[in-house]
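Dear colleague,

I am passing on the structure below, together with notes on what turned up when I went through it. Please read the notes with the model open beside you.

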Amino acid sequence: MAPPAAQSNSLTPRRWLSTLARRERARLALAACFGVLSGAQTILLVVGLAWSIEQLVVHGRSPVTLVPVLLGLVVAVALRSLFLALQESLSATASLRIRQYAREQVLNKVAALGPVWMTRQQSGALATQSVEHIEALDGYFARFLPQMRIVLLLPLLIAAVVGWLDYLVAIFLLLSAPLIPLFMALVGMGAERLNKEQFASVARLSAHFVDRVRGMTTLQLFGHTRAAQQDVWYATDQYRRLSMRTLRLAFLSSAVLEFFASVAIAVVAMYVGFGLLGYIDYGPSPSLTLFSGLAVLLLAPEFFQPLRTLSQHYHDRAAALGAAESIVTILDEPDVVPTRFDAPVEPDALIELVNVEVGYGRHSAVLTGVSATIRQADVVVITGESGSGKSSLLSLMAGFMAPLRGACRVRQGEQVAWLDQSPCIIQGSLADNLRLAAPDATPAAMQEALENAGLGELLAALPHGLETVVGERGVGLSGGQAQRLTLARVFLSQAPLVLLDEPTASLDSATEKSVIDALLAWSVEGRTLVMATHHPAVMAVATRHWVCRDGQLHEVAP
């Protein structure tokens, strides 16, 4: 296993969002096209309506003669609705696919970082980042990005039609339009900062709450439940304050943008009104008619509508950038789990350590210069003081981390069974927990595994047997029973290499003896055992004894 390569180009939130958008650029571009087509139908509808009113009011035509035109307007309304539906469907599909890929990317990264990295993280924060923060990207891809493309084309199309009717109004609209994007950019700077703080706050709140729930029993025993309740309340109140600040900025910016658009439309209305009354004789105003005046007046709000819609979705961009920043911090972490296995040099070797340096960072190696070989049917015991590197060495062999230097060669395709000091117990039945190691295990095999792990008497006393439900982290079981349940999973595994970290911790002497006998039966079958332990009874059955001392690995006589 080679050490992880340094990542030269770190991700940024904007670069990551751009990379995600490129995956669905065809759908997003097509959604924008349908949005422009929908706007084009609105132009036809407005122009046709203005022309029909002029024909009825000024020219005195009968409504019957305008039936074909009115039917055409109905078709325009139907097409407008169809194009809008297609735009929303395509953008929603693109957003869903992007979020699925982003969540898969985050989960793959967490898997690449491995269990060693996860032990230093808060599970509540990770859950929030992989669920809520990913979902916060929806508005950016489903609404903001298509609208960005629409706002570049549709106002120009409307301005061209208005220029054909009255070029003075078109010039005014084009001059007033940049005010809205300028103000959006100014508002976006503050909104992005607030959203970053808000997402960081909700991640801390989730982690804080989960930690308090998990420690509820301890808090009750020591009488600190009220203090824990106050801590959660303070964290919740901080999140409420940040949320209200974000909402206040959103409402304020929307009100200002609406004000600019309303003033521009009011100026157009005044120009059209005074032009029709003959008070303005500059430029094309003397040639204003009911048709041209009504058409430009109705098109003025439609000219600003894409910009106003973009301003409404601009906060989706700020929210996406805030969420992306927290996710990118995970994606930028250097991989800990190695990506490949090298075949050992010796044919009968399962694992070869060649001048290995083990640790969690370039400047925190706990073991250096480790060179050793583990062969089939070896029973290896690793001892040493706490923090001397026993668990790190097991994690290296399991593939949970890569060496800082040197090489850890594992036989290609070799399956590994693993049991650490903090075993994982999920919410579910005993059978559900055992099937994590062997999904196709029969009830008889599961019962035999539980007996080998010293849980035969407990299983016989349970009225529901294997279907007895236990809580997350072993709630409902004692510490020793939880340890034995996870040990039973190892018994179900057919992996030829078994790595155990303190396998007999929390066990009484009688259960310890039965577990050791079962482990010895494995070695007789040809399975290889590597155990980190301090128990003399386990050390007595080992064929090899390694000692972690002073940053070195020494092999002593068993």
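Throughout these notes, contact means heavy atoms within 4.5 Å. With its neighbours within four places in sequence left aside, Leu 17 is in contact with Leu 137, Tyr 140, Phe 141, Ala 320, Leu 321 and Ala 324.

Before the rest, some words on the basis of the values. This is a predicted model, in which local features need pLDDT of at least 70 and side-chain atom pairs count only at pLDDT 80 or more, while totals for chains, interfaces and linings use all residues. Residues are numbered from 1 along each chain as its sequence is written, and side-chain values use heavy atoms, with hydrogens and water left out.

Overall picture

The protein has 18 helices and eleven strands, where helices (H or I, at least four residues) and strands (E, at least two) are DSSP runs numbered from the N terminus. Of the 558 residues, 47% are buried; buried means under 20% relative accessible area, exposed over 50%, and partly exposed in between, with a 1.4 Å probe and protein chains only. Among contacts between residues at least 6 apart in sequence, 81% join residues at least 24 apart. The structure holds zero disulfides, a disulfide being a pair of cysteine sulfur atoms within 2.5 Å. As for individual cysteines, Cys 408 is buried at 0% relative accessibility, whereas Cys 33 is partly exposed at 45%.

Annotated regions

The unreviewed UniProt entry places the feature "transmembrane region" at residues 28-53, 65-86, 148-165, 171-191 and 249-274; such annotations may be inferred rather than shown by experiment. In the model, residues 28-53 are 100% helix and 0% strand, with the end C-alpha atoms 38 Å apart. Residues 148-165 are likewise 100% helix and 0% strand, and there the end C-alpha atoms are 27 Å apart.

Cores

A nonpolar core is a set of buried Ala, Val, Leu, Ile, Met, Phe, Trp, Tyr and Cys residues joined through side-chain atoms within 4.5 Å. The largest one has 63 residues, and those with the most contacts inside it are Trp 16, Leu 17, Leu 137, Phe 141 and Leu 299. Among the elements that give two or more residues to this core are helix H1 (13-23), helix H6 (138-165) and helix H11 (290-331), and H11 gives the most, with 18 residues. A second, separate core of 38 residues includes Val 379, Leu 430, Ala 441 and Ala 488.

Aromatic pairs

Rings of Phe, Tyr and Trp (its six-membered ring) pair if their centres lie within 6.5 Å, and planes under 30 degrees apart count as stacked, over 60 as edge-to-face and the rest as tilted. By this rule there are six aromatic pairs. The rings of Phe 400 and Trp 418 have their centres 5.0 Å apart and their planes at 80°, so this pair is edge-to-face. Elsewhere, ring pairs link Tyr 140, Phe 141 and Phe 144 into a cluster.

Backbone points to check

Most residues other than glycine have a negative phi. Ala 377, which is not a glycine, has a positive phi of about 75° and lies in the loop between strand S2 (365-375) and strand S3 (379-384). Asp 550 also has a positive phi, near 55°, and is found in the loop between strand S10 (544-549) and strand S11 (552-556). Ala 377 is partly exposed at 33%, while Asp 550 is exposed at 74%.

With best regards
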